[in-house]
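Please open the structure below in a viewer and keep the selection tool at hand. The tour goes from stop to stop, saying what to select and what is there.

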Amino acid sequence: MAAAATPHPNSAATPGPSASGTAPVPDSARPTLVVVGHGMVGQRFLEELADRGVTERSRVVVLCEEPRAAYDRVQLTSYFAGRTPEDLSLVEADFMDRHGIELHLGDPATTVDRETRTVTARSGLTVRYDALVLATGSYPFVPPVPGKDSTGCFVYRTIEDLLAIEEYAKNARAGVVVGGGLLGLEAAGALKGLGVHTHIVEFNPRLMALQVDEGGGSALRRTVEEMGLEVHTGVGGKEIVADDGGTVTAMALSDGSSIDTDLVIFSAGVRPRDQLARDCGLTVGERGGISIDEQCRTSDPAVYAIGECALASDGRVYGLVAPGYDMARTAAENIARSTAPAGDAADGGESAFTGADLSTKLKLLGVDVASFGDAHGTTDGCLDVVYSDSRSGVYKKLVIGSEGELLGGVLVGDAEAYGMLRPLTGSVPPLAPEQLVLPAGFAADGGGAALGPSALPDSAVLCNCHNVTKGTVRAAVTEHSCTTLPEVKKCTKAGTGCGSCIKTLTAVVNDELAANGATIDSGLCGCFPHTRAELYEIVRTLRVTTFAELLDSHGRPEARDGDGCEVCKPTVGSIIASLAPSVGADGYVLEGEQAALQDTNDHFLANLQRNGSYSIVPRIPGGEITPEKLIVIGEVARDFGLYTKITGGQRIDLFGARVDQLPQVWARLVDAGFESGHAYGKALRTVKSCVGQTWCRYGVQDSVRMAIDLELRYRGLRSPHKLKSAVSGCARECAEARGKDFGIIATSNGWNLYVGGNGGADPRHADLLAQDLSDAELVRLIDRFLMFYIRTADRLERTSAWLERIEGGLDHVRDVVVHDSLGLCDELEALMAAHVSHYRDEWAETLADPERLARFVSFVNAPDAPDPSVQFVPERDQVKPDLTLLAGPTLPIRTLEGTSV
């Protein structure tokens, strides 16, 4: 954390050594710059001052209202995911001391005397200024509803707010978030994560009304409701109802309805904090905000205002961090000019802030949402190009001008293209708009056209937060010798704001490195400099048994002692699980730290479905099942009202179980001899089979027996991606073995083994690895193949993609697993033998431990309460999720002529 205030408030801190090596300016000759407020924009302003040498020649005093230095308010909700306030800090430990900045925490400015040019703080500290910068930010708007001050009402703005909400939620069963904007949805996600049944109340007709259009709002609402949150749009809060003790019990809505609730969070927007400016006579806007010119100066030339407290010269108050950073840069540049020694002023005119791009990309409740440019299509003569998939909750709209130029867009559910599309705003894209909104593989030519970094000009802004262009990023590589993404981020500050540009930034950096013949950082993520295969070797060789141990010993320096990210946690979790018997780790994926590493489905050992219910998939090895077991499945489905479906993998899936029902269902299945089918994990799914020579007159081998043996051998094997297999009893290939990761086809002389096949969106026939194998030879080669794949594949890489990527391809794999060219085969076989001998059914393990069963509840604070949002309607004598359609026929789409259809 940053240094505290100096003991004598009016005395300057001793300036640190100059970055340029020159001696600090004596105190008597140093002008004083006072900054009121130390949020994200305030800290950015200090960094801009330091970069321009202002802190070397000026005394800088910062008055901060909060008890802690600047922190990342954009990532505020990540506190509930395990990040600490220290993790969120934006201030390097020695930043204040290094630049001689006096930071006064918990001591806000209370008055400004412009005549004497002094600022007085709450503590009584008075500082005279030569220049004053107001970075007071904004305050949460709380609608003036009766009862708003009742116990149980909160705002969602600071770390202290979050700490209070977290404590209060321990005794709350239901909560209401007032506001369905960016921060409101984050607050709702936080409440749900605390085990509170959550309602969202939004006065506008849709969620995120400022960022997305009707179609995008419908897609977002559908996805949010599928997560178990209740959404109320087009209504407002009429009254907060409290009991005799003044504690919240309900919220009355404007439509006459009421919501029983224990907690209310107001997140209905913000207002500029301009009271200090009003009190000292500065000009403010009619609807709030300190009026500034293009140089960020207020009506008093000695006073500047930046960030959310400022009313810009274009008449806007900007509530996003990127415009605030632009203002900080502008004010710092102009102050640097005014304080520069005679003859040292930079050439050129004054820096100006004339407005900002309001493009936004966020992940809200796990849903990617982005908007950019003219997202609502207000330009005359524009055309909407829309792609909408209600089943997967994806909505994409591009707004195209009459000359074919890209004006803006809305992306919900799939915002992968945002980093490429936003920089092209205002220009004609190199591809047809229809190709840009379609998913990969759906383009008219079947090619799944996509934009790459080469399509962007050097003038394209990649990082909107820090206004960094593609040309600047390229220069960081070519002129400043940056060879990794972290180095580029440090050099340019690109990617250090909201983070939405990271994917595009990575692509540009890698392209530039490749063009210059440099080595590309192939690290798994920003936490590890190693690939997945390298991490596998580290875990195996050093017998690492925990994620924390691996991160602290082999993570990037800046990531050590951290929590990891959504990329590395499940990847390392899978590696440790696959090596558990060999390294001495607990193979149970929900044991201790392992539980926090798992993907969503693994958390409850079941696949999450669209309406918040789960599917149950018992293992049926080889597709063979007795009548008695069929009856058990039927009885369980009947008794719990589950939808039943026979799958292409020769299993029976049961859909529609609530999370609290999962142990009850599995208890009956395990008692009947069933095991987990691992449909939820990156592991072996099924080994299909035909009936083989036992029944079929064309069969030449017992395919059912072989399929059962293989499925029981490899069950529970964790891998980089899911694994599927099949065994066909003859060359007629009824089990479709050549469409599997490893497929076996019987011959009159034994078995042929095929590898690297898959179906799905990009089907590939498996390649012949070896032929006419005996049973023992077949099993031995499959053991080697699977363990070599698990050892060397990338994260989420199917065997088909791995086989095409790995150097030498199929020939190399054959040399390794058949001919033992690397001398690894004994080791690979031993690893598989350890897996087979240590296998335990995850559901049987779970049912035997009451502590493990405790996680299977819809609400932590009400473990016996079912999730009321999981609802079903009848269809074809079964049930289906009760879901609202994404977008109906009333969604207006404009034509080039401006009419609606």
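Predicted model: local features only at pLDDT ≥ 70, side-chain atom pairs only at ≥ 80, totals over all residues.

E736 sits in the loop that runs between strand β33 (723-728) and strand β34 (742-747). Its phi is near 60°, a positive value in a residue that is not glycine. Most residues other than glycine have a negative phi. Is E736 buried, partly exposed or exposed? Its relative accessibility is 47%, so E736 counts as partly exposed.

Next, select M208. M208 too has a positive phi, about 50°, although M208 is not a glycine. M208 belongs to the loop between β11 (197-202) and α7 (214-226). With a relative accessible area of 2%, M208 is buried.

**The whole chain**

Now zoom out and colour by secondary structure. The chain has 28 helices and 38 strands. It holds 901 residues, and 53% of them are buried. The accessible surface comes to about 37,900 Å². Carbon and sulfur atoms account for 50% of that surface. Take the contacts between residues with a separation of 6 or more: 63% of these join residues 24 or more positions apart.

**The largest nonpolar core**

In soluble globular proteins, nonpolar side chains tend to be buried together. Which residues touch the most other members of the largest nonpolar core? Select F528, F742 and L753: these are the ones, in a core of 60 residues. Then show helix α23 (residues 775-792), which gives the most to this core, with 9 residues.

Return to F528 and show what surrounds it. Setting aside neighbours within four places in sequence, F528 is in contact with G523, L535, F547, L550, L551, H554, G555, R556, C568 and V572.

**Helix α12**

Select residues 470-478, which form helix α12. Which residues of α12 are buried? They are K470, V473, A475, A476 and V477. To see what covers these buried residues, show β26 (461-463), β27 (468-469), α13 (485-492) and α14 (502-515), which are among the covering elements.

**G622 and its contacts**

Select G622, in the loop between β29 (614-616) and α20 (627-640). G622 is buried, with a relative accessible area of 4%. Leaving out residues up to four places away in sequence, G622 touches Q650, V687, S689, A707, I708 and E711. Now pick the C-alpha atoms of G622 and G649 and show the distance. The two residues are 27 residues apart along the chain, and their C-alpha atoms are separated by 9.0 Å.

**A cavity**

How many cavities of 30 Å³ or more are there? The count comes to 2. For the last stop, go to the second largest cavity, which holds about 60 Å³ of space. To find it, select the residues that line it: L605, A606, N607, S615, I616, V617, W666, S676, G677, H678, A679 and Y680. Colour this lining by residue type: 7 residues are nonpolar, 5 are polar and none is charged.

Technical notes
Residues numbered from 1 in each chain as written. Heavy atoms only, no water. Helix = DSSP H or I, 4+ residues; strand = E, 2+ residues; numbered from the N terminus. Buried < 20%, exposed > 50% of the residue type's maximum accessible area, 1.4 Å probe, protein only. Core = buried A, V, L, I, M, F, W, Y, C linked by side-chain atoms within 4.5 Å. Contact = heavy atoms within 4.5 Å. Areas by Shrake-Rupley, 256 points an atom, 1.4 Å probe, with all protein chains shown as cover. 1 Å grid on protein atoms, 1.4 Å probe; cavity = no way out; pocket = protein on both sides within 12 Å on 5 of 7 lines; lining within 4 Å. Points joined across faces, edges and corners; volume = space filled by probe spheres on them. Nonpolar A, V, L, I, M, F, W, Y, C, P; charged D, E, K, R; others polar.
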